[in-house]
Amino acid sequence: MDFGLSSEQEMLGEAVRRCLAETCPLDHVRFCVDAGSAVSDRVMAALHEIGLTGLMVPEAHGGLGMTMLDAAVVAEQLGRAVAPVPFLGRSVLAPLALMLAGSPAQQADWLPRIASGAARFGVAIAGIVEERDGASVRIEDGGLTGTALFALDFEGADHFIVADASGRLHLLAAATTGVEPIALQTIDATRSVGELRLTGAAAEPLADDGGLATRRLRDAGRILLAADSLGAGEAMIEQAVAYAAEREQFGRVIGSFQAVKHMCAEMAARHEPCRALVWYAAHAFDVLPDEAALTACFAKSHTGEVHRFVARTATEVHGGMGFTDLLGLHFWFKRIGFDRQLLGGPERVRAEAAQLQGLNAATR
Amino acid sequence: MNLEYGPEYERFRDEVRDFLAGNRHRAPHASQRAARPDAAAVAWQKLLIEHGYTARTIPREYGGYGAEPDILKARIIAEEFARAGVPAGLSNQGISMLVPTLLELGTEEQKRRWIEPTLRGEIVWCQGYSEPGAGSDLASLRTSAREEDGHFVINGQKIWTSTARQADMIFCLVRTEAEAPKHAGISYLIFPMDLPGIEVRPLKTMTGHAEFNETFFTDVRVPVDQIVGQRGQGWFVANATLGHERGMLGDPDALENRLLALIRLMRDERVGSARAIEDPVLRDRLVALQAEVAAMKYNGMRVLSNQLKGDAGGMAKLIVKLQSCELAHQISALAIDAMGEMGILYSDSPRVREGGTWQWNYMFQLGLIIGGGTAQIQKNIIAERGLDMPREPRLALASAEGRKDVA
């Protein structure tokens, strides 16, 4: 019995952390954001170097064949560094879609290109969580028609995995006739999302599995958004504690005042159990299929609540400086805000969790 | 990540299950588990010790089972007894706090004399630590013990002495050196509760019941050799076991059981023709609590794993008391809200649900948030030990002086 990361997973986390410490300091994040891009070529190249582009792609197709828990370890480090790189859609959900619902020919065709970085995917499945502004995608005359919102890893994507209203997945080239890609601006400039307006766009369908693959993608997405938030939250707590040890008022460091100290303790106390929850949810995704959807809901909704608290409290510990652009604390604040809403905010996700357990019905 | 315990442990789990299946009819009802165990509870305790399901790692010569410490086996025993709904061994302050203290710091004679009858439920103890003027700042306690012809003569008052009315004995912190700095003047004494000059008054709490007592000492004479550790070292003797109490207050199995009871309640409780659980707002609160209980459960597994590797547990352990007590309180709060107007019914009122347990819990758990190190003291500990934040300047100074004088 060993509840925790393996030594290989510890090393993976450490490797990603070192890589990001070198290539992705806050100055660089700011540089990318100021240039209007959520894709740092430098950070992407460095992560590609250690194999992360194809981390989920099976080894037979040129990837690392890693697990969701491995991916959670990586996502946590990306959140910690507020790294402006595509990851969730491009390196995790797209290969997962092909592995779950692609034909052998589609897998052989696309998975090696995902691993090598030759194919750059975005993933649009938000519509299966909740339909907003009437956006949905249907099949008409053999092509895709309608609107898909919140396509992940949108910037620079040359292909998309798109879920239609029935939950079936399709593979779509961005340059196809009938595809109008429109970037969306969010609070979090370190990640890019967009919408796809589709008018009879020719696409390759993946298997019709009754939406099973799409639901797995949704669960995976929720776990990794929670993991991202875990890293971002931890970075905020560390910064708050460090600031409180340095900043002096009334002749003492503010961290010696219980009012400030208790804010930090509350953040740590609420944050720490999220780590075990996210690990368990990722592990359940890998090997405990019966528990996967529910624990993904728990991880997503609970970290969403906890890290909203962490984001505002860590900012408050920094006083007026926390509110400025100067410290850059807001990059983490916004990253956490993005993680909370996407693929279902806490209330939406808890409603699903209730349904999964049959809590809506009065019967035992 | 490996959640399997492995074949050796699964065999052990089977043994525990077989034992429970064959013997559960002999277990006392949970409601009978009063401060002083009755004959059935004492017999059950004896059986559990014989099989090593309680007092497992206490050496045989002191009345325990004498097994090597094995965290996983201890965990399996706790899991299986909880799953079967069968009371585990006796749990009281004598067993959880005094016995570990004696094992660590008692003399050979003290160990032989006190541990076995305590484990067997024959001797009931109470704890004399807190005073009206010494709560969070326990080391400022003032109950005095002056030495006089081979005896300590004790005067003063203790509070929160649960089980004092039933107890045979007390383990008690008293000030033996009036002139010494506050941490250095304390001694840890053990003495009978029937000595002349001891008066116990029930302390009624907000629940309407007297779960605690106040204990008064007037010229109580205790032979000077009834001390654990050295004279003036009582603060360190007591601190050796405060961690055991905090451990007791954060049991993840207990949270899960309360949550299951809450779900049952919300499924049973009707509002018009609907059930409470069909209310989307109440249901949302329920699932939020479920997620948090899940987080604490996995956090507990993480702490357990760390302990198996010889790691003290770090932040994941430090936060358990604060988070678990708050969570337990929130679970009771939701139960009351789910009952709506019925939620105010209490004691033996007509229509009261489950004997008013939820209201009692809601109030008593607030006591647990305050007791055993208040939430605010817990936050200080988390910040200072877990996050390495600076202490209050004045306290830091006093503490440094205390340490210097003790050294």
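**Exercise 1.** Which are the buried residues of H5(A)?

*Solution.* The model is predicted: local features need pLDDT of at least 70, side-chain atom pairs count only at pLDDT 80 or more, and totals for chains, interfaces and linings use all residues. Residues are numbered from 1 along each chain as its sequence is written, with chains lettered from A and ligands numbered from 1 in the order in which they are written.

Step 1: helices are DSSP runs (H or I, at least four residues), numbered from the N terminus; H5 of chain A covers residues 88–101.

Step 2: a residue is buried if 20 or more other C-beta atoms, placed from the backbone, lie within 10 Å of its own. Those passing are Leu88(A), Gly89(A), Arg90(A), Ser91(A), Val92(A), Leu93(A), Ala94(A), Pro95(A), Leu96(A), Ala97(A), Leu98(A) and Ala101(A).

Step 3: because 12 of the 14 residues are buried, H5(A) is largely enclosed by the rest of the structure.

**Exercise 2.** State how H8(A) and H12(B) are oriented.

*Solution.* Step 1: axes are lines fitted to C-alpha atoms over the stretch in contact, with angles from 0 to 180 degrees between N-to-C directions. Helix H8 of chain A (residues 258–287) packs on H12(B) at about 80°, the axes 8 Å apart.

Step 2: H8(A) is therefore roughly perpendicular to H12(B) (65 to 115 degrees).

Step 3: residues in contact (C-beta atoms within 7 Å) include Cys264(A) and Ala268(A) of H8(A) and Ile382(B) and Ala383(B) of H12(B).

**Exercise 3.** How many residues does each chain give to the contact?

*Solution.* Step 1: chain B gives 44 residues and chain A 39 residues.

Step 2: H8(B) gives the most to the side of chain B that touches chain A, with 16 residues.

Technical notes: Helix = DSSP H or I, 4+ residues; strand = E, 2+ residues; numbered from the N terminus. Contact = placed C-beta atoms within 7 Å. Parallel < 35°, antiparallel > 145°, perpendicular 65-115°, else oblique.
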